[in-house]
Structures are given as C-alpha cells and as structure tokens.
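Subject: Structure handover

Hello,

Here is the structure you are taking over. Please open it beside this message and read the notes with it.

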Amino acid sequence: MHTTVGIIGGGPSGLLLARLLHDAGIDSVVLESRDRAYVEQRQRAGILEQATVDALRAAGAGARLDAEGMAHDGIELRFDGRAHRVDFPSLTDGRRVWVYAQTEVVKDLIALQLADGGPLLFGAQVRSVEGVDTDRPAIHYTHEGREQILTCDYVVGCDGFHGVARTAVPERERTTYERTYPYSWLGILAEAPPVYEELVYAHSERGFALASMRSPAVSRLYLQVPNGTDPADWPEDRIWDELDARLALGDTPEWRLRRGPITQKSVLPMRSSVTEPMRYGRLFLAGDAAHIVPPTGAKGLNLAAADVIVLARAFARRAATGSTELLDGYSAACLRRVWRAEHFSYAMTTTLHRDPAQSGFDTRLQLAQLDRIASSPHAAAELAQNYVGLPIEEVTEADGVPEAAEADEVAVRRAEA
Ligand code: FAS
Ligand code: PHB
C-alpha cells in the first residue's frame with residue numbers, strides 16, 4: 001500500500017492530522033496499535049484551548065463539542081486560606097477554554113475518519129520506519145497477524161511518548177531534553193456533580209489538588225501523591241477526605257465535595273520532555289511523540305493539536321504550490337510554542353506542588369508568586385494568556401516562517417544568489 005502521508009498513531013494528533021489533510025485533499029493512512037474501544041476510553045486530557053476547538057469545528061468534529069462541551073471563562077487558585085479567580089476574557093482579548101474530554105474528541109474524530117476519511121487501521125502495530133532520509137520512506141507494521149509495509153511520501157510520528165517513530169531519527173541527529181518531578185498525580189473519575197463551577201487549583205501544605213469535571217454530573221479530580229504510589233493504597237474515603245482537606249477553605253459542609261462512586265482511578269507520573277528537531281528527512285514528529293508536559297497547565301493535548309495544525313498547513317502549501325518552505329520551517333515554528341508551553345507547565349507545576357525536599361523558604365516563594373498573581377493584573381494576564389493558549393499564527397510568524405508572499409520573495413532571492 002502507498003499513501004502521501006503515513007500517520008503512526010490514532011490518538012488526538014494522528015486523528016486530527018488525518019482530518020485536516022483529508023479536508024486539504026491529501027490522502028493519508030492512520031496506523032493505530034490498539035483497538036477502537038481502548039483508545040476511546042483512555043482517560044486523559046479535559047481542557048481544550050480555543051485554537052483546538054476552532055480546528056475541531058473546522059474539521060467537522062465540533063457538533064457534540066458545541067452541544068456537550070462547557071465553555072469556561074476562568075479558573076480559581078486556592079492558597080494560604082485564600083481563593084482568587086483568574087478571569088480569562090478580560091485578560092486575553094476575549095478568549096476562554098472548553099471542558100470536553102479527550103476521550104470524546106477521539107470518538108468524534110474516529111467517527112469522522114471511518115465515515116469518509118482514508119484508511120484508519122486498528123490493531124496495526126508499527127515495528128519500524130525505514131528510509132526516512134530517502135524520498136520513499138516505508139512503515140513496517142503487523143496487522144491481522146501479517147507483516148505489512150506502507151510506503152509513503154512522508155511519515156508523521158503521532159505515536160506518543162512510548163512510540164517508535166522518534167527512534168527512526170538517528171541518535172546522533174536528535175537531542176532529548178527532559179525533567180522528571182518528585183511527585184505524581186492520582187486521578188479519579190467520579191459520578192459526583194462538581195461543586196465548583198470552574199476548575200480549582202489548590203496549593204496546600206498537604207500537597208496539590210485539582211478539581212475539574214467532565215459534565216454537570218461527573219467530576220474529574222486529582223491529588224498530588226508520591227512517585228510510585230499504588231492506587232490500591234487509596235480507598236474511596238481516603239481520596240475524598242484528602243481532596244476536601246486540600247481544596248476546602250473552611251471546614252463547614254458547604255466546602256465539602258459531593259461524593260459519589262469512583263469509576264476510574266489511576267496514577268500519572270509527571271515529566272517534561274522535548275525531542276529536537278521535530279523533523280528528520282521525510283519524517284515529522286507531532287504531539288507526545290515529540291514532547292511531554294506535566295498536565296498542570298492543561299497543555300498536552302493542545303500542543304499536539306497545534307503541531308498538526310501547523311503541519312497540515314505545510315502539507316497543504318506543498319500540495320498547492322510545490323513549495324516545501326512551511327514543511328522546512330515546521331520544527332522551528334512548533335518548538336517555539338512547545339518551549340513556551342514547557343515553561344508555563346513547569347512554572348504552574350513547581351508553584352502549586354509541594355516538593356518533598358522543599359524548604360520553608362521555597363514554600364514562601366510559592367506563596368509570594370501566587371499572591372503576585374492574585375494582586376497584579378499583569379501577572380494574572382501572563383497566566384491567563386498561557387492557559388488559553390497563544391494564537392498559532394502569532395508563533396508561526398514570529399518564527400520567521402515565511403507567509404505566501406514572503407516565500408516567493410525568498411525563492412526569488414535564493415534563485416538570484
Ligand atoms: P497519544 O499518546 O494520545 O496517542 C498516541 C497513539 O499512538 C496511541 O493511541 C497509541 O496506542 C499509538 N501508538 C503508540 N505506539 C504505536 C505503534 N508502535 N504503532 C501504532 N500505534 C502506536 N494532557 C492534558 O492536557 N491534561 C491531562 O489531564 C492529561 N492527562 C494525561 C494522562 C495520561 C495517563 C497521559 C499518558 C497523558 C495525559 N495528558 C494530559 C497528555 C495527553 O492528553 C497527551 O498530550 C495527548 O494524548 C497527546 O496526544 P497524541 O500526541 O496523539 O499522543
Ligand atoms: C482534566 O480535566 O483532566 C484536567 C484539567 C486541567 C488540567 C489537567 C487536567 O490542568
């Protein structure tokens with residue numbers, strides 16, 4: 001089988017890329033190792049930036065999002081017995097975020113792709129990618145018990161942090177920068193109505209807690225726990241008691257969470273990681289295949305979407321004009337946004353979590369930063385603008401990735417050189 005763009009991974013980045021390419025008239029094949037049921041129930045992100053929502057709507061995947069998603073105009077920070085709401089629209093020229101689970105995004109994109117998109121193969125385990133430094137790379141995979149080869153014009157690794165695409169870049173050609181954090185998140189899904197209208201991020205002496213949601217009837221909640229925590233050590237009552245202890249500003253019943261059956265419980269390690277460059281020959285990396293952020297800033301899924309929005313535009317430019325200018329600028333354009341998100345996620349994480357080794361001095365620094373956000377519109381705007389996400393155009397242009405007119409001038413200058 002041959003295709004223009006071979007996509008490894010049927011998570012949000014692979015699926016959204018396939019849709020955007022389809023809409024640009026570019027054929028692709030998506031190879032996903034897991035089965036459909038697995039990828040559709042895998043609990044992950046919950047917050048979508050406006051740019052992600054706009055892309056999903058443009059790709060035809062916005063109907064359920066508009067019907068069931070919840071637009072949020074702010075978050076609340078709790079610290080040192082105080083609560084402070086950070087308003088988004090007033091600090092970001094009107095932008096907001098949307099609460100709509102990654103599971104639902106994946107379901108919507110799979111349904112679209114199966115309805116009228118190119119091949120989306122489940123149970124297709126990619127073993128290796130060969131020839132990425134030639135004009136005909138080949139993806140080797142197993143599917144239905146048989147060894148298969150998919151030849152492509154280009155390959156995009158959307159196969160996440162544990163995927164194989166990244167390894168197709170020779171070690172001498174790639175650099176990975178990473179940080180692990182001395183704590184993890186215990187995340188739960190509960191059939192319990194959220195008591196707070198917006199997300200609450202809490203700094204406390206007992207550790208970080210986050211109250212999020214999936215619908216008016218389902219809560220999504222997180223607790224900072226030590227690395228290596230076994231979820232089995234956290235029975236339901238212990239989880240609810242600890243969440244109340246960290247989130248509540250008072251000990252009256254009004255501050256207590258509404259409890260309900262916990263339907264999902266898992267421990268997520270916290271790490272930052274970036275692999276540079278995000279392109280080698282005919283291979284591109286997008287989403288978690290290229291970068292990981294701690295989820296504190298709700299950036300993971302949105303960074304993945306931003307990568308493939310930029311990449312789909314680049315493929316569309318090549319299909320329309322033959323120019324590879326945007327493809328050549330892909331890595332630089334994305335890495336600037338990635339590092340901005342890495343810093344924001346790192347800052348949110350280290351300000352709100354309690355490092356087991358931190359001193360009283362460190363805690364005072366955290367409280368001083370949180371107090372600054374609560375008292376300075378400039379500091380609050382910096383958080384709000386990063387949280388709702390920087391406009392993708394802003395980052396691309398700032399990277400000197402030439403727009404159409406400039407590209408022609410660049411081509412002329414090069415021709416004259
Ligand atoms: P994904 O990892 O989602 O998808 C990669 C796909 O490739 C998977 O379906 C995998 O099965 C497939 N694959 C891997 N190897 C393959 C191979 N060899 N052959 C074929 N297919 C292969 N982000 C947030 O913003 N907020 C959160 O709360 C949050 N929570 C998270 C919890 C967990 C446990 C994890 C792991 C991540 C979380 N994230 C969160 C980040 C997450 O949302 C990612 O950013 C997002 O899934 C990135 O999407 P993709 O790049 O598509 O990668
Ligand atoms: C979630 O709802 O899963 C969520 C929300 C905000 C975060 C992380 C996770 O920062």
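This is a predicted model: local features need pLDDT of at least 70, side-chain atom pairs count only at pLDDT 80 or more; totals for chains, interfaces and linings use all residues.

Residues are numbered from 1 along each chain as its sequence is written, chains are lettered from A and ligands numbered from 1 in the order in which they are written, and side-chain values use heavy atoms, with hydrogens and water left out.

Ligand 1

Around ligand 1 there are 31 residues, the closest being S13, E32, R42, R44 and Q102; a residue counts as near if one of its heavy atoms lies within 4 Å of the molecule. This shell is made up of 14 nonpolar, ten polar and seven charged residues. Here Ala, Val, Leu, Ile, Met, Phe, Trp, Tyr, Cys and Pro count as nonpolar, Asp, Glu, Lys and Arg as charged, and the others, Gly among them, as polar. At least two shell residues come from each of α1 (12-23), β9 (124-130) and α7 (300-321). Helices (H or I, at least four residues) and strands (E, at least two) are DSSP runs, numbered from the N terminus.

Oxygen atoms of ligand 1 lie 2.8 Å from a polar side-chain atom of S13, 3.3 Å from a backbone N or O atom of P12 and 3.5 Å from a polar side-chain atom of Y222. Taken alone, ligand 1 exposes 1,000 Å², and the protein buries 87% of that. Accessible areas come from the Shrake-Rupley method with a 1.4 Å probe; for residues, only the protein chains shown count as cover.

Ligand 2

The shell of ligand 2 has 14 residues, and the closest are Y201, S212, R214, Y222 and P295. By class, eight are nonpolar, three polar and three charged. Oxygen atoms of ligand 2 lie 2.7 Å from a polar side-chain atom of R214, 2.8 Å from a side-chain N or O atom of Y201 and 3.0 Å from a polar backbone atom of T296. On its own, ligand 2 exposes 280 Å², of which the protein buries 96%. Strands β13 (199-202), β14 (209-215) and β15 each give two or more residues to this shell; β14 gives the largest share, three residues.

R220 and the salt bridges

The structure holds 20 salt bridges, each a side-chain nitrogen of Lys or Arg within 4 Å of a carboxyl oxygen of Asp or Glu. R220, in strand β15 (residues 218-225), is buried yet has no salt bridge, and the nearest side chain of opposite charge, E104, is 11 Å away. Buried means under 20% relative accessible area, exposed over 50%, and partly exposed in between (1.4 Å probe, protein chains only). Lys and Arg count as positive and Asp and Glu as negative; His and the chain ends are not counted. The side chain of R220 does make a polar contact of 3.4 Å with that of Q264. A polar contact is a pair of N or O atoms within 3.5 Å; within protein, one must be able to donate a hydrogen and the other to accept it, and residues adjacent in sequence count only if both atoms are side-chain atoms.

E104 itself forms a salt bridge with R64 (3.0 Å, N to O). E104 is in helix α5 (residues 102-116) and R64 in helix α4 (residues 63-68), 40 residues apart. E104 counts as buried because its relative accessibility is 16%.

Regards
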